[in-house]
Amino acid sequence: MADAKARLQEIINAYLDKDSNLVVDTGIVASHIAQMKLFGIRQGVEFFPSQDNFGAQRKDFLDRVMKYNKMDTRLDSIWEYFLCDGKGLFYIRPTKNNYRLYYFREHEYRSYYNVDGELDEVVIIYSYKVRRGNGFGDQINTTNLTGNQSTYSPGAKRYIRLSIKANEIEETHSDSEMNFDMPTYSLAGNTKQLKNSLGFIPCVEILNNPQGLSNEGVGEFDSMANHIITHDDLMRTMRKNITFFGNPTLLSSRPKTDLMEAGGEATIQRPSIAANSGFASPSPMSRSMFKADPVSRGMDGQIRVPRVIANLEPNDRVGYIVPDAITGDQNAFARQYREEIRTALGGVDELSISAGVTATEYKSLFGRVAATSKKKANAIYTHGICRCLELIIYQEEQLFKSTLAAAAGLEKPIDLPPGASAEEEAAYKQALQMYNDKLKRIMMACIETQMIPPGVMGLIPDGDVTVLWRWLGPVYEDSTQDILNNSIVVRNLQELGVDSIEALKYLFPSKTDEERAEMLSGFPFRMVNELQGAYSKFASLVGGMMQTPHPQAPDLPMAADPRLDLTPYLYRTLEALQKEMSYAGRYRPIDPTDEPDSGSGGSQQLRGGSTQQLPGSSGPGSSGSSGSVSSGYQLPPSGTSGGPQLPIRPVSVRPPIPIGGDQQSMGVGIQQGSEPVERSSSIPVPGSTVSDDPVQSGQLRTASQPSYATIGSADLASQPDILAQLFPNLLGSILGGRSGSAPVESGNPPRGKRVRGRSTSNSK
């Protein structure tokens with residue numbers, strides 16, 4: 001069993017490393033992974049927010065993050081590592097203007113959970129390279145008889161260790177190799193402590209074939225190790241048989257020299273008369289002195305049977321022996337064995353499908369492949385990349401609140417140190433509640449006046465932070481006949497009274513309900529015509545009943561009978577007409593279970609211990625109770641769903657003063673104090689070669705002023721009067737300094753500075 005696992009790991013490493021030096025005869029591993037990637041990635045994957053009411057701020061932001069990380073080109077390797085290792089880890093790290101999304105394999109990280117099954121700490125160890133020298137002699141190409149050779153040194157290997165917690169990140173660089181079994185005090189190298197500016201553990205672990213509710217995953221091929229190794233041995237034996245018995249054997253009673261001659265296109269040299277007579281030439285390579293060997297001599301080193309074999313005696317025998325290198329039974333057994341393994345893995349052997357006869361059956365067999373890859377895709381996309389993007393959106397919304405508070409001159413209470421007394425905790429909660437209330441009034445005033453102060457960065461809080469995904473295209477493209485048949489199904493369903501959004505799922509299965517509702521913003525002339533005709537028939541029927549006497553009461557019309565009342569049908573028709581003409585999207589408030597955890601004591605809110613506060617406005621360390629556990633993550637404080645986070649009316653907020661792209665930092669918020677954060681210390685990408693030596697702490701980045709501390713940025717805490725100069729009436733009306741309400745600026749704002757709404761005020 002141990003030998004089978006070791007051999008299987010060699011086969012998997014040969015595929016993952018694209019190493020052709022290791023001989024692998026079975027194609028099960030490569031074929032299954034290629035099939036899972038084909039149905040799991042298809043024509044690409046798109047990530048989009050479940051709701052985006054402020055224009056397209058969330059969608060544009062997600063597109064920038066995905067493009068920055070080149071996720072479309074990295075999905076193939078993520079699928080390969082995830083399937084073979086059984087687990088993987090996504091790590092979010094803010095950079096200067098964006099977010100870097102790292103992926104680490106099973107042997108590169110260790111995850112530690114608390115008793116509630118929530119991430120408590122993550123340790124990552126990987127290697128990178130540092131270039132040697134300062135440029136001279138780094139890369140010198142020399143040319144010799146064998147071709148070009150480069151004296152470029154790939155660099156010295158170094159190791160980095162990251163210990164990630166909710167409040168701090170410990171970063172260690174070392175020249176010697178580090179492992180997870182080494183105690184902390186024995187780590188050699190330079191270690192520095194960084195503040196985790198996100199306030200939560202920015203890691204998401206994904207599991208392949210999880211065992212029940214445990215946090216352990218299983219590789220795709222671990223359970224079939226013996227079968228795969230047996231098939232590899234079988235294929236190796238068959239390959240050797242083909243090599244040994246592939247060429248026919250010549251059987252003859254004549255000497256070998258009479259039946260074989262040198263192969264190749266060159267003319268065989270024969271000894272001349274002068275050579276046989278003993279004459280020599282001064283040149284050692286003279287053709288007249290050359291004595292050719294018709295059997296072993298040839299330009300290509302091969303031998304062949306001549307076209308004409310003369311002087312055969314009656315008793316000479318010449319013939320071929322053609323052995324059967326691979327028997328039919330052996331080939332059938334290998335094919336059946338491969339099919340059984342592929343079926344057990346949840347796939348289909350494309351080369352020999354014995355159960356598919358017709359094209360329909362052949363396509364139906366791949367339903368098993370699609371179902372298997374869909375489960376893997378949910379683990380990678382829904383519980384992996386989408387969860388990472390949700391955490392990034394949450395952080396950007398917290399950045400918006402922090403920068404807005406800094407622009408308004410609000411100071412957030414400083415977090416309590418460990419071991420604070422009960423009186424200090426009560427005072428902290430009261431101060432934080434006042435901070436949240438003031439921030440809420442400022443946000444409401446910004447929406448009502450359709451203006452925001454300059455320098456506010458991040459994403460406007462927009463309720464539900466759920467991120468969805470979909471494929472850009474199917475594996476099998478629908479033909480025009482398939483599209484026509486689906487449209488006929490949609491029309492028939494609408495005639496049966498099925499809702500148009502539900503009916504369009506058959507025609508556009510990959511779109512969301514909101515997108516289908518937006519698609520129905522046109523004029524549905526067919527449905528309107530049918531509904532108008534039905535209403536006219538009901539109305540004419542009512543008119544006829546008003547003129548027809550009731551058989552049991554001739555002095556009354558038939559319409560007076562309550563059992564023949566057609567008024568509900570008229571209302572039903574008008575409601576259906578109104579519904580067909582007014583489709584719109586839905587607004588969903590934020591779910592408290594979608595927010596990451598900033599500390600301990602996590603799930604009191606869902607247990608009945610919540611307090612009323614600004615929904616979604618409480619960031620890390622805010623007052624009130626916190627959310628519950630969602631997908632193995634402890635949740636932070638959040639408001640209840642009783643009130644909306646912002647007004648439901650969809651609007652698009654633009655800064656009143658244009659801000660350059662370099663100042664709109666997405667990776668860092670307002671930092672209090674001088675404690676370094678992870679943004680100021682970039683880490684090398686796994687497998688990269690850096691030009692500087694990052695071992696010395698504090699030398700990874702030059703001592704330059706951060707972008708958020710420049711004029712016009714979010715850090716206005718040092719300039720509390722700047723907002724009062726720009727908006728003299730805003731803070732007074734919000735903070736109670738003056739009675740009555742006043743607009744932010746008198747008159748209409750200039751063009752491009754007003755909040756633009758994407759839809760009307762009656763949007764849902």
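**Entry 1: Glu339.** I started with Glu339, which, once neighbours within four places in sequence are left aside, is in contact with Asp349, Ser352, Ile353 and Ser354 (contact means heavy atoms within 4.5 Å). The model is predicted, so I note that local features need pLDDT of at least 70 and side-chain atom pairs count only at pLDDT 80 or more, while totals for chains, interfaces and linings use all residues. Residues are numbered from 1 along each chain as its sequence is written, and side-chain values use heavy atoms, with hydrogens and water left out.

I find Glu339 in helix 8, residues 328-344 (helices are DSSP runs of H or I with at least four residues, strands are runs of E with at least two, and both are numbered from the N terminus). Is Glu339 buried or exposed? Glu339 is buried, at a relative accessible area of 16% (buried is under 20%, exposed over 50%, partly exposed in between, with a 1.4 Å probe and protein chains only). I also took the C-alpha to C-alpha distance from Glu339 to Glu350: 9.1 Å, for 11 residues of separation in sequence.

**Entry 2: whole chain.** I count 17 helices and 17 strands in the protein chain. The chain has 764 residues, and 41% of them count as buried. For contacts between residues at least 6 apart in sequence, I get 72% that join residues at least 24 apart.

**Entry 3: nonpolar cores.** Which residues have the most contacts inside the largest nonpolar core? They are Phe47, Phe90, Phe221, Tyr381, Ile385 and Leu389, in a core of 65 residues (a core is a set of buried Ala, Val, Leu, Ile, Met, Phe, Trp, Tyr and Cys residues joined through side-chain atoms within 4.5 Å). Helix 9, residues 359-407, gives the most to this core, with 15 residues. Apart from this core I find another, of 20 residues, including Leu89, Tyr102, Phe104 and Leu194. In soluble globular proteins, nonpolar side chains tend to be buried together.

I then listed the partners of Tyr381, not counting residues up to four places away in sequence. Tyr381 touches Gly40, Ile41, Val45, Phe47, Leu75, Trp79, Cys386, Arg387, Trp469 and Trp471.

**Entry 4: helix 2 against helix 9.** The axes of helix 2 (residues 28-41) and helix 9 come within 8 Å and cross at roughly 70° (axes are lines fitted to C-alpha atoms, for helices over the stretch in contact, and angles run from 0 to 180 degrees between N-to-C directions). Helix 2 and helix 9 are therefore roughly perpendicular to each other (65 to 115 degrees is roughly perpendicular, under 35 roughly parallel, over 145 roughly antiparallel, the rest oblique). From helix 2, I list Gln35, Met36, Phe39, Gly40 and Ile41, which meet Phe366, Val369, Ala370, Thr372, Ser373, Ala377 and Tyr381 in helix 9. By class, this contact of helix 2 with helix 9 has 8 nonpolar, 4 polar and no charged residues (Ala, Val, Leu, Ile, Met, Phe, Trp, Tyr, Cys and Pro are nonpolar, Asp, Glu, Lys and Arg charged, and the others, Gly among them, polar).

**Entry 5: Lys37.** Lys37 lies in helix 2. I find Lys37 buried, with a relative accessible area of 13%. Residues up to four places away in sequence aside, Lys37 touches Tyr15, Arg42, Asp76, Trp79 and Glu80. The C-alpha atoms of Lys37 and Ile78 are 9.9 Å apart, although 41 residues separate the two along the chain.

**Entry 6: helix 14 against helix 15.** How do the axes of helix 14 (residues 525-547) and helix 15 (residues 567-581) cross, and at what angle? They come within 10 Å and cross at roughly 165°. That makes helix 14 roughly antiparallel to helix 15. Met527, Val528, Leu531, Tyr535, Phe538, Ala539 and Val542 in helix 14 meet Tyr569, Leu570, Thr573, Leu574, Ala576, Leu577, Glu580 and Met581 in helix 15. I sort the residues of this contact of helix 14 with helix 15 into 13 nonpolar, 1 polar and 1 charged.

**Entry 7: Arg7.** I place Arg7 in helix 1, residues 2-16. Arg7 is buried, with a relative accessible area of 15%. Not counting residues up to four places away in sequence, Arg7 touches Leu22, Val23, Val24, Ile229, Asp232 and Arg236.

**Entry 8: positive phi.** Lys70 is not a glycine, yet has a positive phi of about 50°. I find Lys70 in the loop between helix 3 (57-69) and helix 4 (71-85). Asn209 has a positive phi of about 50° and is not a glycine. The loop that holds Asn209 runs between strand 11 (203-207) and helix 5 (225-245). Asn209 is partly exposed, with a relative accessible area of 32%.
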